[in-house]
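This report describes the overall fold of one protein model and then turns to its salt bridges and one surface patch.

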Amino acid sequence: MSLLQDLSWRYATKKMNGTPVAQEKVDYIIEAARMAPTSSGLQPFKIIQVSNPDLKAKIQPIAFGQTQIVDSSHLLIFAAYDEYTKERVDAVFAQQEAERELPLGTSDDYKNTLFGMFAQQTKEQHFAHAARQAYIGFGMAIAAAAEQRVDATPMEGFTNAQLDELLGLDKLGLKSVTILALGYRDESNDWLVNLKKVRTKAEDFVINFN
């Protein structure tokens, strides 16, 4: 099965049937997100995995009552750094040097240049950049879910501040970005399941400068 076939199979599932997704499949999806490329390898986001029914029930009203929240097997909440601190940037490059068995300080010139750029930006700009990195992992997770034949609903329809408060993300230096609900489609009750997938035509999608 090719990636393009997997992506053709998937759709933003509107109604899930409550069937649990095997944890090994969820772990595979999360690993795809963890392996995603990010700017300078910073990986400035975390994934909060939620399968507890009581917690999902608390999240549902924050997500405008969408049923996928409670009918899903798992929620993957992508949360990005609220800012780039020197400690966070230092930790990334220290890990890189250690695991690559490089002399301590090998990355200092690049790291200092990078942090110099961040120092000129606001916390809001830091979060916007970190959120874009989270979306790269988010896309990888969606593709991995399709490969595993797990339905996945990308969800931006929620009140971020309320979700952050519920999960205590501010204490972790994080802010929620988006939610990926994982489960299996309820084919008899999902109005979208049999509709044709519609995308911009390839000739209109690509602008060539050749």
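## Overall architecture

What share of the contacts in the protein with a separation of 6 or more comes from residues 24 or more positions apart? Such residues account for 80% of these contacts, where contact means heavy atoms within 4.5 Å. The model is predicted, so that local features need pLDDT of at least 70 and side-chain atom pairs count only at pLDDT 80 or more, while totals for chains, interfaces and linings use all residues. Residues are numbered from 1 along each chain as its sequence is written, and side-chain values use heavy atoms, with hydrogens and water left out.

The secondary structure comprises nine helices and four strands, taken as DSSP runs (H or I, at least four residues, for helices; E, at least two, for strands) and numbered from the N terminus. Along the sequence they follow the pattern α-α-β-α-α-β-α-α-α-β-α-β-α. Of the 210 residues, 41% are buried, a class defined by under 20% relative accessible area, with exposed meaning over 50% and partly exposed in between (1.4 Å probe, protein chains only).

## Salt bridges

Side chains of opposite charge can pair when their charged atoms come close. A search of the whole structure finds nine salt bridges, each being a side-chain nitrogen of Lys or Arg within 4 Å of a carboxyl oxygen of Asp or Glu. One of them joins D82 and R88, with the closest N and O atoms 3.3 Å apart; D82 lies in the loop between β2 (74-81) and α5 (86-99) and counts as buried because its relative accessibility is 18%.

The side chains of R185 and D151 also meet in a salt bridge, at 2.7 Å from N to O. This pair links distant parts of the chain, since R185 is in the loop between β4 (174-183) and α9 (202-205) whereas D151 is in strand β3 (residues 151-155), 34 residues apart. Both R185 and D151 are buried.

Within helix α6 (residues 108-119), K111 and D108 lie three residues apart, about one turn of the helix, and form a salt bridge whose closest N and O atoms are 3.4 Å apart. K111 counts as buried because its relative accessibility is 13%, whereas D108 is partly exposed at 31%.

## Surface patch

L3, L4 and L7 form a nonpolar patch on the surface, with about 300 Å² of accessible area together. Patches are made of residues with over 30% relative accessible area and no salt bridge, nonpolar side chains (Val, Leu, Ile, Met, Phe, Trp, Tyr) being joined within 5 Å and like charges within 9 Å; accessible areas come from the Shrake-Rupley method with a 1.4 Å probe, and for residues only the protein chains shown count as cover. L4 lies in helix α1 (residues 3-9) and is exposed, with a relative accessible area of 67%.
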